[in-house]
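These are my notebook entries on one protein chain.

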Amino acid sequence: MSPARRAAVIVNPVKVEGDAFRRAVETALAERGYADPLWLETTEDDAGVGMARQAIDEQVDLVLVAGGDGTVRVVCAELAGTAIPAAVLPGGTGNLLARNLGISLELDVALHELLDGSEQRIDSVLIEGDQLPGDRFVVMAGLGLDAAIIEDAPDDLKKRVGWAAYVVSTLKNLNHPFVNVEIVVDDQPPVRRRARTVVIGNVGTLQANIPLFPDATPDDGRIDVVVLAPRRISHWPRLALGLVIKSWRERHVERFTGKRIQVRADRVVGRELDGDAIAEGTSLVAEVDPSALVVRVP
């Protein structure tokens with residue numbers, strides 16, 4: 001008789017309701033024949049690296065992760081290149097990867113979808129830059145306005161109003177300063193632009209369900225970059241239509257796609273990874289690692 005499958009559950013206790021969450025997960029796993037799970041909580045000093053490595057070392061069959069986009073990114077970065085699937089449960093505010101994989105934001109539904117679902121390989125993206133040690137992301141990286149929006153959407157506001165906190169923060173930052181950037185896609189000649197923000201994406205939909213990359217999918221072996229450059233506040237309504245309506249041509253929105261994207265700014269600006277602010281800097285270099293991560297999907 002083969003041993004029962006075992007799952008690890010990696011949770012950010014600040015983002016996820018404790019007892020109710022644990023009961024729901026343990027019940028769902030037991031109903032499907034899993035052994036008692038390995039419970040691992042992130043800490044202020046470790047956002048999930050050590051927990052993911054322990055799960056890998058113990059050769060679990062599945063890693064369930066919940067606790068916000070930052071926790072998901074860190075755990076998925078460690079699981080990339082292994083055969084251990086990640087099941088992303090709703091937690092925190094953004095739930096960016098869960099949304100893009102079509103996972104329900106209701107815990108009980110998500111557990112059913114993922115534990116009874118299938119496995120899919122998606123791309124992971126290697127990222128580096130000045131003042132940024134080599135890392136990975138699965139959703140996005142950016143500099144400029146989008147980093148300011150994330151920085152100005154504090155946790156207490158997100159707890160009260162959810163993703164609408166990003167809308168409030170966006171309205172506060174519509175006049176975020178321009179930055180001159182140079183963008184290199186694969187081996188093509190550099191493109192120079194004056195932009196409010198530059199975002200590199202691995203999936204199509206970002207905060208507030210905005211389809212920033214309408215043609216992007218997480219398993220296409222490519223990454224996308226969008227440059228937003230509205231000159232005045234009055235340009236934002238047309239730009240918003242250009243983001244939402246695929247056929248709408250808007251000169252303040254420009255997109256490129258490739259396997260390796262380099263972005264360099266002419267001054268130090270804010271930067272972010274998967275919805276978390278990181279150290280300010282002048283550059284981001286992203287390169288797709290195709291099919292590196294196994295995820296559970298409905």
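**Entry 1: S104 and its surroundings**

I looked up the side chain of S104 and found one of its polar atoms 3.0 Å from the backbone nitrogen of E106. Such a polar contact is a pair of N or O atoms within 3.5 Å; within protein, one must be able to donate a hydrogen and the other to accept it, and residues adjacent in sequence count only if both atoms are side-chain atoms. I note that this is a predicted model, in which local features need pLDDT of at least 70 and side-chain atom pairs count only at pLDDT 80 or more, while totals for chains, interfaces and linings use all residues. Residues are numbered from 1 along each chain as its sequence is written, and side-chain values use heavy atoms, with hydrogens and water left out.

I located S104 in the loop between α4 (96-100) and α5. Helices (H or I, at least four residues) and strands (E, at least two) are DSSP runs, numbered from the N terminus. Is S104 buried or exposed? S104 counts as buried because its relative accessibility is 16%. The cut-offs are under 20% relative accessible area for buried, over 50% for exposed, and partly exposed in between (1.4 Å probe, protein chains only). Setting aside neighbours within four places in sequence, I listed P90, V109, A110 and E113 as contacts of S104; contact means heavy atoms within 4.5 Å.

**Entry 2: Helix α5**

I then examined helix α5, residues 107-115, where A110, L111, E113, L114 and L115 are buried. An α-helix has 3.6 residues a turn, so residues three or four places apart point the same way. Among the elements that cover the buried residues of α5, I recorded α1 (18-31), β3 (62-66), β4 (86-88) and β14 (276-297).

**Entry 3: Helices α2 and α3**

I looked up how α2 (residues 49-57) packs on α3 (residues 69-79): the angle is about 40° and the axes are 9 Å apart. Axes are lines fitted to C-alpha atoms, for helices over the stretch in contact, and angles run from 0 to 180 degrees between N-to-C directions. Which residues make the contact? From α2 they are V49, A52, R53 and I56, and from α3 they are V74, V75, E78 and L79. I sorted these residues into six nonpolar, no polar and two charged. Here Ala, Val, Leu, Ile, Met, Phe, Trp, Tyr, Cys and Pro count as nonpolar, Asp, Glu, Lys and Arg as charged, and the others, Gly among them, as polar.

I also checked T42, which sits in the loop between β2 (38-41) and α2. T42 is buried, because its relative accessible area is 7%.

**Entry 4: Strand β13 and its partners**

I followed β13 (residues 260-273) and found three bridges joining it to β7 (residues 140-144) in the antiparallel sense. Two strands pair if DSSP finds at least two bridges between them. A141 has L273 of β13 as its bridge partner. β8 and β13 also run antiparallel, with five bridges, and E182 is partnered by R264 of β13. Nine bridges join β13 to β14, again antiparallel, and V263 stands opposite L284 in β14. The hairpin of β13 and β14 has two residues between the strands, and D274 in its turn has a positive phi of about 45°.

I found V185 in strand β8. V185 is buried, because its relative accessible area is 5%. V185 and I261 are 76 residues apart in sequence, yet 4.7 Å apart from C-alpha to C-alpha. Residues up to four places away not counted, V185 touches F256, T257, G258, R260 and I261.

β8 (residues 179-185) also pairs with β9 (residues 191-195), antiparallel and over five bridges. V179 is set opposite A195 in β9. I looked up D186, which lies in the loop between these strands and has a positive phi of about 55° although it is not a glycine. D186 is partly exposed, because its relative accessible area is 27%.

**Entry 5: The chain as a whole**

The chain has nine helices and 14 strands, and buried residues make up 53% of its 298 residues. Of the contacts with a separation of 6 or more, 68% join residues 24 or more positions apart.
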